Amino acid sequence: MVAHTGAAARAHRLRPLNQPRPIRVETDESGEPQAVVLVREWLAVAAVQDRWRIDDEWWRQWPVSRMYFSLLLEDGRVVTVYQDLIGLRWARQAY
Amino acid sequence: MRVACVWLPHFPVAVERRNRVALNRRPVIIGETTEQRGAVLDCSTEAEGQGLRVGMPLRQALGLCPSASFLPPDLPRYGDAFDQILRALETVSPLVEPATLGCAFVGLEGLNGHYRDEMALGGALAQAVGHACSLMSSVGLAEGKFTARVAATVSAAGEVCLVPKGQEKKFLAPIDVCLLPCSRDTLRHLGLFGLRTVGDLASLPLGAAQAQFGSEGRRIWELAQGIDGEPLRPLRREESIREHLAFYAPLISREALVTAGRQLLTRLLGQPAMNGRVARRMTLRALLSDGRCWERAVVFREATADQEQMLCVLRTAIETAPLTAPIEELSIELSGFAGETGKQEGFFSGNGRQRRQVAESIRQLKARYGRSPVAQMVEVEPWSRIPERRHALIDYDP
């Protein structure tokens, strides 16, 4: 983190970091991820290491409700994905 | 996934007995002697027969078996012996995963054509271990790591146990639940519910196991059904270089050891493997005159090829080492190599002149491209639970 230069922040110049990226996820009947696509390749989920839920901004027009999963994949990689519980879309995001 | 498990029960005891014949057929306990507060690392079957268990406090162990030969652990030696075994197994299959000391899994994919049948393949694995370290191993072959491990555990030394595909559930049914990989608390509860064998657990519906034991219940229920999707994680060997120095007369002076270490570092850093590269890790090993080993691995804060930096770390390690006997041999191993690179300075952290130069360069770039191509990270809502709200990039406009 660098010191702020003092220049006025302009909203149109702010670019959010760590934006979620859409990901294809295969789930079982209980909704638990079984496989994900990384670099156009399906990788099986070896273990669900952790899961947590975020509900925020429920007072706004577009509330945030996400179910996060920390997944250990068959090749040893660990990825964090979430399912948007409103739009039911899946995304990958470092937490 | 067809897997073999190579199992050497009571591996530390077996290694000690290989070197000292007098320990054969006598109860042996291996554990840290410092104030006798440690736990039993391993014990022989004779000691187990008198009620000893791995992990038991040493005071209790000595009380139960006062006639046992008590040995302090020599972990570097056990590690060396196990490494020899892993290397021998790698001559049979390239997919070898070390599990615990004395237990390894071997991937069998693609090996069928090389051996008459799976029994011959299991025999080749046992033979490779025998040639490498003169110890008897048992081998289990099955679909999945858990079943293979159980097959190896229930076999006698030198035997190969084959579980045909599709027969996992039947094979596991009479096995005691204590072989399931679960917590002590879960094992106790299984006992309280009268579930003595893996077959008892398999006869329950999944919902009941999961409701009682949570995610662990699901895992052990699946294992009881013969379902084991845990992948094999083969060992990835790392490149390393090593030099050693044997002393004519065992050394007791730490200063002399540091001098020997300096000589070893000079040799190591002069090797072609270090040309243009830096090392991340240094492992020191000393062979003591009583036959034991002392080992210490140090990870550098930054990868380095600088002899003085390495020597500084080495000096600290030697000065704080609990050396209990004179040293006969010292060796140093360097590993974790990376390409030698320049040191990245902070972009905005230079002195006044440097900052002015950076600002001027950015102004020129802005004039050329219309906007500043340099951005800096700023905190937006660092407390937010939503990751993308915490930080953002903002154009750097001096």
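This is a predicted model: local features need pLDDT of at least 70, side-chain atom pairs count only at pLDDT 80 or more; totals for chains, interfaces and linings use all residues.
1. Strand E1 (2–7) of chain B is mostly covered, with 5 of its 6 residues buried. On one side E1(B) pairs with E7(B) in the antiparallel sense over 6 bridges, and B:Val6 has B:Val139 as its bridge partner in E7(B). E1(B) is also joined to E6(B) by 5 bridges, and here too the two strands run antiparallel; in this pairing B:Val3 stands opposite B:Gly107 of E6(B).

2. These pairings belong to an open sheet of 5 strands in chain B, ordered E5-E6-E1-E7-E8, in which the pairing is mixed. The edges are formed by strand E5 (96–100) and by E8 of chain B, each of which pairs on one side only. From one strand to the next the twist averages 20°.

3. Helix H6 (residues 145–154) of chain B lies across E1, E6, E7 and E8 of chain B, and runs at about 150° to E7(B).

4. How do H1(B) and H4(B) lie relative to each other? The axes of helix H1 (residues 11–19) of chain B and H4(B) come within 10 Å and cross at roughly 95°; since angles of 65 to 115 degrees count as roughly perpendicular, the two helices are therefore described as roughly perpendicular to each other. The residues that meet are B:Phe11, B:Pro12 and B:Val15 from H1(B), and B:Arg77, B:Tyr78, B:Ala81 and B:Phe82 from H4(B). By class, this contact has 6 nonpolar residues, no polar ones and 1 charged residue.

5. Helix H5 (residues 118–133) of chain B has 16 residues and spans 23 Å from its first C-alpha to its last, which is close to the 22 Å expected at 1.5 Å a residue. Its buried residues are B:Leu121, B:Gly122, B:Ala124, B:Leu125, B:Ala126, B:Ala128, B:Val129 and B:Cys133. Just after H5(B), B:Ser134 takes a positive phi of about 55°.

6. Is B:Ile327 buried or exposed? This residue, placed in strand E12 (residues 327–339) of chain B, has 24 other C-beta atoms within 10 Å and is therefore buried, because the cut-off for that class is 20 or more. Leaving aside neighbours within four places in sequence, B:Ile327 is in contact with B:Phe247, B:Pro250, B:Leu251, B:Leu257, B:Ala286, B:Leu287 and B:Leu288. One of these partners, B:Leu288, is 39 residues away in sequence from B:Ile327, yet the two are 4.5 Å apart in space, C-alpha to C-alpha.

7. For chain B as a whole, there are 13 helices and 14 strands, and 28% of its 398 residues count as buried. Among contacts between residues at least 6 apart in sequence, 58% join residues at least 24 apart.

8. The contact between the chains takes 20 residues from chain B and 23 residues from chain A. On the side of chain B that touches chain A, the elements giving two or more residues are strand E13 (375–379) and strand E14 (391–395) of chain B, and E14(B) supplies the largest share, 5 residues. By class, that side has 11 nonpolar, 3 polar and 6 charged residues. Strand pairing also crosses between the chains: strand E1 (residues 15–16) of chain A and E14(B) pair in the antiparallel sense over 2 bridges, with B:Leu393 in E14(B) as the bridge partner of A:Arg15.

Notes:
Residues are numbered from 1 along each chain as its sequence is written. Chains are lettered from A and ligands numbered from 1 in the order in which they are written. Two residues are in contact if their C-beta atoms, placed from the backbone, lie within 7 Å. Helices (H or I, at least four residues) and strands (E, at least two) are DSSP runs, numbered from the N terminus. Ala, Val, Leu, Ile, Met, Phe, Trp, Tyr, Cys and Pro count as nonpolar, Asp, Glu, Lys and Arg as charged, and the others, Gly among them, as polar. Two strands pair if DSSP finds at least two bridges between them. A residue is buried if 20 or more other C-beta atoms lie within 10 Å of its own, exposed if 12 or fewer, and partly exposed in between; C-beta atoms are placed from the backbone. The expected span of a helix is 1.5 Å times one less than its number of residues. Axes are lines fitted to C-alpha atoms, for helices over the stretch in contact, and angles run from 0 to 180 degrees between N-to-C directions. Angles under 35 degrees count as roughly parallel, over 145 as roughly antiparallel, 65 to 115 as roughly perpendicular and the rest as oblique.
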